[in-house]
Amino acid sequence: MRNFYSAYWWIFLLRGIFALILGVLAIIWPGATFTTLIVFLGGYLFVAGLFALIGAIAARKTTENWGIFLLSGLIGVILGFLTLYNPFATGAALVFLVGFWAMLAGIFEIIIAIRLRALITGEGWYIAGGTISILFGILLLSNPEAAALTLTWLFGFYAVISGIMLISLSLRLKRK
């Protein structure tokens, strides 16, 4: 008997194709408004959530962890719907969320690097990475228009890489 992942390889394929298309569109037309990015994100969250729901329902008899897939799918559908319902609020929140996250991550990277001085050499690179994260967060918060363009490109590259990975995974699962 085939396992869930091999039997439903096509779900990963569809998610991968969808992510790849969205990523390429975001990279090709970087001048697209930030609202467009948010609509793409909302659409991706909604469709990926639907596929996760389908997978969870299909897996309920073959895997113990189908509830995790169901929860993931529900969250994706809800976040996608909310994003599509009010993209401007989501866009503004996303710029601030990413900016503050980058600064907080940078601070933690620096703290960890300082604590690791006794265990490793070259911790200066980790401190430099933390500093770059903090500066990235400050830049995002100081110029929301540039942040929107930067986040559009980051989303595009993420979606392309994620799409390729999912397509590759689906093809490997199909062979099993």
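Begin by selecting Gly43, which, leaving aside its neighbours within four places in sequence, is in contact with Phe18 and Leu84. This glycine has its place in helix H3. The model shown is a predicted one. Gly43 counts as buried because its relative accessibility is 15%, and the cut-off for buried is under 20%.

**The whole chain**

How many helices and strands does the secondary structure come to? There are 7 helices and 0 strands, and the pattern along the sequence reads α-α-α-α-α-α-α. Along its principal axes, the C-alpha trace spans about 50 × 45 × 25 Å. Of the 176 residues in the protein, 34% are buried. Among contacts with a separation of 6 or more, 80% are accounted for by residues 24 or more positions apart.

**Tyr44 and the largest nonpolar core**

Return to the sequence and select Tyr44. With neighbours within four places in sequence left aside, Tyr44 is in contact with Arg15, Phe18, Ala19, Leu22, Gly49 and Ser162. Tyr44 also belongs to the largest nonpolar core, a set of 15 residues. Select Val98, Leu151 and Phe155 along with Tyr44, and the residues with the most contacts inside that core are on display. At least two residues of this core come from each of helix H2 (9–28), helix H3 (34–59), helix H5 (87–115) and H7. Apart from this core lies another, of 6 residues, and Trp9, Phe12, Leu166 and Leu173 are among them.

**Along helix H2**

Colour helix H2 next. With 20 residues at 1.5 Å a residue, H2 should span 28 Å, and the 29 Å between its end C-alpha atoms agrees with this. Which residues of H2 are buried? They are Trp9, Ile11, Phe12, Leu13, Gly16, Ala19, Leu22, Gly23 and Ala26. An α-helix has 3.6 residues a turn, so residues three or four places apart point the same way.

Leu14 is also placed in helix H2. Is Leu14 buried or partly exposed? Its relative accessibility is 35%, so Leu14 counts as partly exposed. Select Ser170 together with Leu14: these residues are 156 apart along the chain, and their C-alpha atoms are separated by 8.9 Å.

Ser170 itself is found in helix H7. At 0% relative accessibility, Ser170 counts as buried. Not counting residues up to four places away in sequence, Ser170 touches Trp9, Phe12 and Leu13.

Ala59 lies 51 residues from Tyr8 in sequence, and the two are 9.1 Å apart in space, C-alpha to C-alpha.

**Thr83 in helix H4**

Move on to Thr83, whose place is in helix H4 (residues 66–85). Thr83 counts as buried, at 6% relative accessibility. Leaving aside neighbours within four places in sequence, its contacts are Ile38, Gly42, Leu45 and Thr90.

Select Met103, in helix H5. This methionine is buried, with a relative accessible area of 18%. Which residues is Met103 in contact with, leaving aside its neighbours within four places in sequence? They are Ser133, Ile134, Gly137, Ile138 and Leu141. Between Met103 and Ser133 there are 5.9 Å in space, C-alpha to C-alpha, and the two are 30 residues apart in sequence.

**Where H6 meets H7**

For the last stop, show helix H6 (residues 123–142) with helix H7 (residues 144–175). Their axes come within 6 Å and cross at roughly 120°. H6 and H7 are therefore oblique to each other. To see the contact, select Phe136, Leu140, Leu141 and Ser142 in H6, which meet Pro144, Ala147, Thr150 and Leu154 in H7. The residues of this contact divide into 6 nonpolar, 2 polar and no charged.

Definitions and conventions
Residues are numbered from 1 along each chain as its sequence is written. This is a predicted model: local features need pLDDT of at least 70, side-chain atom pairs count only at pLDDT 80 or more; totals for chains, interfaces and linings use all residues. Side-chain values use heavy atoms; hydrogens and water are left out. Axes are lines fitted to C-alpha atoms, for helices over the stretch in contact, and angles run from 0 to 180 degrees between N-to-C directions. Helices (H or I, at least four residues) and strands (E, at least two) are DSSP runs, numbered from the N terminus. Angles under 35 degrees count as roughly parallel, over 145 as roughly antiparallel, 65 to 115 as roughly perpendicular and the rest as oblique. Contact means heavy atoms within 4.5 Å. Ala, Val, Leu, Ile, Met, Phe, Trp, Tyr, Cys and Pro count as nonpolar, Asp, Glu, Lys and Arg as charged, and the others, Gly among them, as polar. A nonpolar core is a set of buried Ala, Val, Leu, Ile, Met, Phe, Trp, Tyr and Cys residues joined through side-chain atoms within 4.5 Å. Buried means under 20% relative accessible area, exposed over 50%, partly exposed in between (1.4 Å probe, protein chains only). The expected span of a helix is 1.5 Å times one less than its number of residues.
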